[in-house]
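Hi everyone, thanks for coming.

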2 protein chains.
Amino acid sequence: MASGNPAQARRRARQSPDERRKQLIGIGLEMLTTRPLHQITIDEVAAEAGISRSLLFHYFPTKRDYYADVVRAGSRRLLRATRVEGDSIDDVVAGLLSFIERRHEPYIALFRSSGTDDWVHEIFRDTRAALTDQVLTALDIAQPSELVRAAVGAWLAYAEELTLEWAQHGTGTRERVHTLLTGALEHIVRAAR
Amino acid sequence: MASGNPAQARRRARQSPDERRKQLIGIGLEMLTTRPLHQITIDEVAAEAGISRSLLFHYFPTKRDYYADVVRAGSRRLLRATRVEGDSIDDVVAGLLSFIERRHEPYIALFRSSGTDDWVHEIFRDTRAALTDQVLTALDIAQPSELVRAAVGAWLAYAEELTLEWAQHGTGTRERVHTLLTGALEHIVRAAR
DNA sequence: TTAATTATCGAGCATTGCTCAATAGCGACG
DNA sequence: CGTCGCTATTGAGCAATGCTCGATAATTAA
């Protein structure tokens, strides 16, 4: 199943903590592309890494902590993807579209399965807050009121939903969706002021 | 903790299957007001009902099936709450606002904790689809294009997000939120046509 | 070479979803 | 009123899984 090196190799191949952490989180991220978070068991991760369960608990005090680190890593990817494109609002929207288009599977696995517990949702909120900041910056809104912030945050929910629908079922063209998103954003921000 | 009758009473108090089902689902719904879905264990439900774990599996072949029935029951409540108010779009929005205002805790517990597995999200989608129909009817849109349907569905995400924010942190007044929602809906539908 | 550090493992515990054979409450029928 | 059948109900037990803990071996410092 899981690709890569089975890493059964020799026993007791000692590695530096940093390497191990990266490896384990990398495995988690890769598994996330296949199944939702809560379906990833410690046993599987350990097996894929070629280590014992115990070692994973040596690096991550609890399963939650491991999950949290994996999800955080995934979030960072998303934020990076929307930032590289540029600073205009069109760039941010384009970045979001591209990211979800290419990775809607893992995206869903990441955030739609937030339910595992509040802590995932917290990370999700942090990510969305960061995205909100990006959007506000792109709109040249320096000191938004609470309501504007909330409205933009909610618009992100709208954007995600519509984009996922498009990515999954091909509802409309990419340009159309893009236009709808920017149009809605403009309207929403104007109305919330 | 959990209120109600501990039901320890006499052992082997035989009941009709219908009663038992209702009782168990009721317990699930009540527990949902306290914690997210996935934190509800069969043991607890059984204990609260005063029966053995095994009996629960007699009525619900698997934990998922039990959860699914509980969530469906919760969804029905939501749909009822938005329908009683009336037929106009203002009524639907008002119903949504009222429901989330009064029950944002259980609402979150219901749907934000979808992660347990795809099946919850399916029920969630069904519920949202039904809500979408209500909205479309209220807007007098008989045969919406796929894009319009998708846009309205995504607007529901926007509405939920903004309403939850308002209900939880008091961002803006109720009237303001109401206006924002109807305004955004109008704009979105017009743009998607 | 020896000592200290710590990455790594194996065995084992507790919880939890789930199975299955046995038991007991309740209605039907003589 | 007895007894028989149906099935609601139970208890013991299995398997998976998160997690703990003492022991061990690889690496580094002295």
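**Where chain B meets chain A**

Let's begin with polar contacts: between chain B and chain A, nine residue pairs make one, with both residues at pLDDT 80 or more. Please keep in mind that this is a predicted model.

Which helices of chain B are involved? On the side of chain B that touches chain A, at least two residues come from each of α6 (118-138), α7 (146-169) and α8 (174-192). The biggest contributor to that side is α7(B), with 13 residues.

Now the charges. There are four salt bridges between chain B and chain A. One of them pairs B:E165 with A:R125, where the closest N and O atoms lie 3.8 Å apart.

How much area is buried between the two chains? About 2,700 Å², with carbon and sulfur atoms giving 64% of it.

Let me finish with the symmetry. Chain B superposes on chain A by a rotation of 180 degrees, with 0.0 Å of shift along the axis and an RMSD of 0.1 Å. The two copies are therefore related as by a two-fold rotation axis. Both copies use the same surface, as 100% of the contact residues of chain B recur in chain A. In the count, that is 36 residues from chain B and 36 residues from chain A.

Thanks, and I'm happy to take questions!

Technical notes. Residues are numbered from 1 along each chain as its sequence is written. Chains are lettered from A and ligands numbered from 1 in the order in which they are written. This is a predicted model: local features need pLDDT of at least 70, side-chain atom pairs count only at pLDDT 80 or more; totals for chains, interfaces and linings use all residues. Side-chain values use heavy atoms; hydrogens and water are left out. Contact means heavy atoms within 4.5 Å. Buried area is the accessible area (1.4 Å probe) that two parts lose on being put together, summed over both. A salt bridge is a side-chain nitrogen of Lys or Arg within 4 Å of a carboxyl oxygen of Asp or Glu. A polar contact is a pair of N or O atoms within 3.5 Å; within protein, one must be able to donate a hydrogen and the other to accept it, and residues adjacent in sequence count only if both atoms are side-chain atoms. Helices (H or I, at least four residues) and strands (E, at least two) are DSSP runs, numbered from the N terminus. Copies are superposed by least squares on the C-alpha atoms of residues with pLDDT of at least 70 in both.
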